[in-house]
Amino acid sequence: MTALSVEFSLKHQVSGLISDKFGLDEAELLSGATFDELDIDSLILVELSLILRKEMGIVLVEGELKSSFTLDEAVAVIAAKADQA
Amino acid sequence: MSRAAVVCGLGGALPATAVTNEELAAQLDTSDQWIRTRTGIGLRYVVAPGESTSDLAVAAGERALESARRTGNDNDTEADVDLVVLATSTPDRPCPGTAPGVAHRLGLGTVPAFDVAAVCTGFVYALATAASMITAGVARRALVIGADTFSTILDPVDRTTRAIFGDGAGAVVLRAGESSEPGALLGFDLGSDGGGADLITVRAGGSRQRSTGEPPAEGDQYFAMEGRPVFTEAVINMSESSQRLLDRVGWTPADLDKVVAHQANVRILHAVGEQLGLEEKQIVVNLDRVGNTVAASIPLALSDAAAAGDLVPGHRVVLTGFGGGLTWGSAALVWPDIEPVTQP
């Protein structure tokens, strides 16, 4: 797979995880809005980091996922970490 | 069979004054909804002016001793407590320890009595200390108390910590017995990471600040906590500690009937459940009614769950805590047939 398609599939994996675990609308997540605009509280990003650590072995440092991020920006951070993993 | 410390009494005590989310919202920039969605807490209790940690510890200790009397049997003739271990990080005074005064007020004579300071992990550390002294033959019957009055060290304008923490005390009685008995403590996993000491702290009031000869900097006399990194550390360490202990005891997460984790935040409890693959019914929650009571949290959760019939004899139970230090620890047991006492 190309880097772009890896990121594309990761994006759907992450949006699926967020909507599945936190009951949020996947279409809204994919709309390009920031987590702030979607009213996602900051603890959800901490909870998401813990789930990514368990399910995908991706270890994010506290604060790396910001509520000012869009899903794309979050996935870019996660993808960079996944490359290191 | 080998010698083990066996849980044979359980008690809890809360101060009289309850503080609702609405009362906090009237004083601080917060709301019932904000507190409930971020923490799961609806109510906490605070001590009255002049009331102290030892007052709650004595009440919980009396009730645990009464619980042990009610559930005592013919094999349980060693009625005299010969050890008191008190977990607290809000002692009555910086010096001396609070436990000797508690033992004295309980009429326990000149038994050894000392404090253990491991903040929210304090109860598990105190349990491990007392159980080890029993298995080593140093003690035969121990009163282990977790008691804290965090309302006395919170920053009055900190809406987060004031919403989370409440005062309380919980206690168990341990007696010498056999590892095959219900109630026997089957193993412990304990750990610490001092690299995270600044995440949960009262900066002033100890030798580091006092030796300067200067008064504390503004706000440093209060308890401070960095919520998000603490959330992450709490989830990872309680989950990993529980898993290490399960491996040692030979149980899987699915074998567990109840996990009684430190009642820090309901979202931490759910995240621990997620990490261990637990179902919701396996996780004991009582923080909605008492908040985070620090060292009292695990014994108060046990009292509530046992009194409500959610925790019944024969249940396989893991206790797991995480707190300042950083510290963490877990204990495993099969729940005994005991009657908790939570009222005077």
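Here is a short tour of chain B, stop by stop.

Before you click, note that this is a predicted model, where local features need pLDDT of at least 70, side-chain atom pairs count only at pLDDT 80 or more, and totals for chains, interfaces and linings use all residues. Residues are numbered from 1 along each chain as its sequence is written, while chains are lettered from A and ligands numbered from 1 in the order in which they are written.

Start by selecting residues 246-335 of chain B, which UniProt's unreviewed entry labels "domain: Beta-ketoacyl-[acyl-carrier-protein] synthase III C-terminal". UniProt positions use the numbering here, with feature names shortened, and annotations may be inferred rather than shown by experiment. This stretch is 33% helix and 22% strand, and its end C-alpha atoms sit 16 Å apart. Helices (H or I, at least four residues) and strands (E, at least two) are DSSP runs, numbered from the N terminus.

Next, pick B:Cys120, B:His262 and B:Asn292, listed by UniProt (unreviewed entry) as "active site". They span 173 residues in sequence, yet no two of their C-alpha atoms are more than 8.8 Å apart, so they gather at one spot.

Zoom in on B:Cys120, in the loop between β5 (113-116) and α5 (122-135). Is B:Cys120 buried or exposed? It's buried, with 33 C-beta neighbours inside 10 Å (buried means 20 or more other C-beta atoms within 10 Å, exposed 12 or fewer, partly exposed in between, with C-beta atoms placed from the backbone). Leaving out residues up to four places away in sequence, B:Cys120 touches several residues, including B:His262 and B:Phe322; contact means C-beta atoms, placed from the backbone, within 7 Å.

Last stop: B:Asn292, in the loop between α10 (287-290) and α11 (297-307). B:Asn292 is buried too, with 25 other C-beta atoms within 10 Å.

Notes. Two residues are in contact if their C-beta atoms, placed from the backbone, lie within 7 Å.
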